[in-house]
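Good morning, everyone. Please bring up the sequence and the model, and keep both in view while I talk.

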Amino acid sequence: MASFKVTGGRKLSGEITPQGAKNEALQILCAVVLTAEPVTIHNIPNIRDVNQLIDLLGDMGVKIRRLSESSVEFDASQVNIDYLESETYKAKAAALRGSVMLLGPTLARFKKGRIPSPGGDKIGRRRLDTHFMGFMKLGAKFNYSAEDGGFYEVDASHLTGAYMLLDEASVTGTANILMAAVLAKGTTTIYHAACEPYIQQLCKMLNRMGAKISGIGSNLLTIEGVEILGGTEHTMLPDMIEIGSFIGMAAMTQSEITIKNCKIPELGIIPDVFRKLGIKLEFRGDDIFVPAQEHYELENFIDGSMLTISDHPWPGFTPDLLSIILVTAIQAKGTVLIHQKMFESRLFFVDRLIEMGAQIILCDPHRATVVGFDRKQNLKGIRMSSPDIRAGVSLLIAAMSATGTSIIDNIEQIDRGYQNIDTRLNALGAEIVRI
Ligand SMILES: CC(=O)N[C@H]1[C@@H](OP(=O)(O)OP(=O)(O)OC[C@H]2O[C@@H](n3ccc(=O)[nH]c3=O)[C@H](O)[C@@H]2O)O[C@H](CO)[C@@H](O)[C@@H]1O
Ligand SMILES: C=C(OP(=O)(O)O)C(=O)O
């Protein structure tokens, strides 16, 4: 298990370019299985989850040709579907959450899909019902075997388009159902679909492959099934969660940084939420300039009541940035209630922040109140462990802003989704050593 040794108090300055989006990459990589023609993907982030998924695709027989550091050509003309029965598949697929999205493509093209209970962050219950309810609407048979850690299976001799109202706007669920529906016979309508930029990107890619999806960007998707899909090229968007993480980091460490090539129109409400914390952001073309700010003051609501920041499916505020917002509020002026509605165990890491000296009250598993210091007090460095990817980066931000040295253990969690984060931040003036 690797750790970061972080020397706090260093200010950052300079430019940083966000990596390609992790959660988009996991969907897009699964979609290459839908066609026998080559698919070229650009701006692939070099992170653990993505590398593990590429490895898994290679094991399934997908030919992988690296064109550059971040561009890869995939050729799924010969997929060994029996590999899904192997113990290696089980071990590798269980290591990450994104592998669940192999179900839709394999079901559509090879008539069956199998997946062990997927990995990913341990941030509370993460049910998969929406995925399977969708597949069943398309005519698939579903079986769950609880033995041996749990295995989900779907099979269908053919899929038929159907109307479905999802029980929740699940991101990976929508992606999975979409990837099955594009090759189903007839029309599928998915209402209450998720519409995160990840999903929009997937829809656009599938359409370039020959699919017929309309309603992109809304929660009502209509898919006219086609017989076959062809190859394409696709470029991943910059990772909006990384962009948000850099904004929070700059504010906490009083740093002046420029985040390059952000595809600002795709960031939705994210910049506005950071502005509610009082953080100044300047759009310079497609770059976001964050000036060094000694003070940033939380806004109140119009009626004067205290600010609450909560998560919501897109176009609401993504839950993946709430931990970052929470840590960033520690040095703001004012008080904010953070309400994590989706996940029930994602706020427990505040214990570590409290140990560092932060004024935070965990009201219940979903809500925490942060009373900002307005820089009148500093956090102090401690030893801590990263429980999940976003808490991990939040602890890193806390450590970078603290007095003294911190050790963050279990940084594999951070490496799941942030590319060479130590090297990239050290280039801006941080002092992070991988030990
Ligand atoms: C690989 C990947 O893409 N992971 C993302 C994906 O996970 P994932 O697709 O697994 O998450 P889901 O969208 O299915 O839902 C996440 C959790 O939120 C709950 N829920 C969901 C929708 C809703 O309207 N109300 C609600 O409470 C679900 O019950 C579940 O417990 O979406 C999550 C929600 O944006 C993100 O945190 C994850 O980073
Ligand atoms: C929760 C996340 O990832 P995963 O779904 O892969 O666990 C995340 O990216 O914040």
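The centres of domain 1 and domain 2, taken over C-alpha atoms, are 31 Å apart. Domain 1 covers 3-19 + 238-434, and domain 2 covers 22-235. Those bounds come from an automatic or database domain assignment.

A word on the source. This is a predicted model: local features need pLDDT of at least 70, side-chain atom pairs count only at pLDDT 80 or more, and totals for chains, interfaces and linings use all residues. Residues are numbered from 1 along each chain as its sequence is written, while chains are lettered from A and ligands numbered from 1 in the order in which they are written.

Now, how do the domains meet? In domain 1, 18 residues are in contact with 16 residues of domain 2. Contact means that the C-beta atoms of two residues, placed from the backbone, lie within 7 Å. On the domain 1 side, six of these residues are nonpolar, four polar and eight charged. For the classes, Ala, Val, Leu, Ile, Met, Phe, Trp, Tyr, Cys and Pro count as nonpolar, Asp, Glu, Lys and Arg as charged, and the others, Gly among them, as polar.

On to the ligands. How many residues surround ligand 1? There are 20, and the closest are Asn 23, Ser 170, Val 171, Thr 172 and Met 342. A residue belongs here if its C-beta atom, placed from the backbone, lies within 6 Å of the molecule. Eight of the shell residues are nonpolar, six polar and six charged. Helix 6 (171-181) gives the most, with three residues. Helix 1 (22-31) supplies at least two. Helices here are DSSP runs of H or I with at least four residues, strands are runs of E with at least two, and both are numbered from the N terminus.

Ligand 2 next. Among the residues around it are Lys 22, Asp 49, Arg 97, Asp 320 and Arg 390. Helix 1 and helix 12 (389-401) each give two or more residues to this shell. By class, the shell has one nonpolar, three polar and six charged residues. Where does ligand 2 lie? Both domains give residues to its shell, so ligand 2 lies between them.

Which residues does UniProt mark as "binding site"? The unreviewed entry lists Arg 97, Asp 320 and Met 342. Such annotations may be inferred rather than shown by experiment.

Look at two of them. Asp 320 sits in the loop between strand 17 (307-310) and helix 10 (322-328). Is Asp 320 buried or exposed? Asp 320 counts as buried, because it has 26 C-beta neighbours inside 10 Å. The cut-offs are 20 or more other C-beta atoms within 10 Å for buried, 12 or fewer for exposed, and in between for partly exposed, with C-beta atoms placed from the backbone. Met 342 is in the loop between strand 18 (335-339) and helix 11 (350-355). Met 342 has 18 such neighbours, so it counts as partly exposed. Leaving aside residues within four places in sequence, Met 342 is in contact with Asp 311 and Pro 319.

Last, the record's domain annotation. The unreviewed UniProt entry gives "domain: Enolpyruvate transferase" for residues 6-422. Over that stretch the chain is 29% helix and 22% strand. Its end C-alpha atoms are 9 Å apart.
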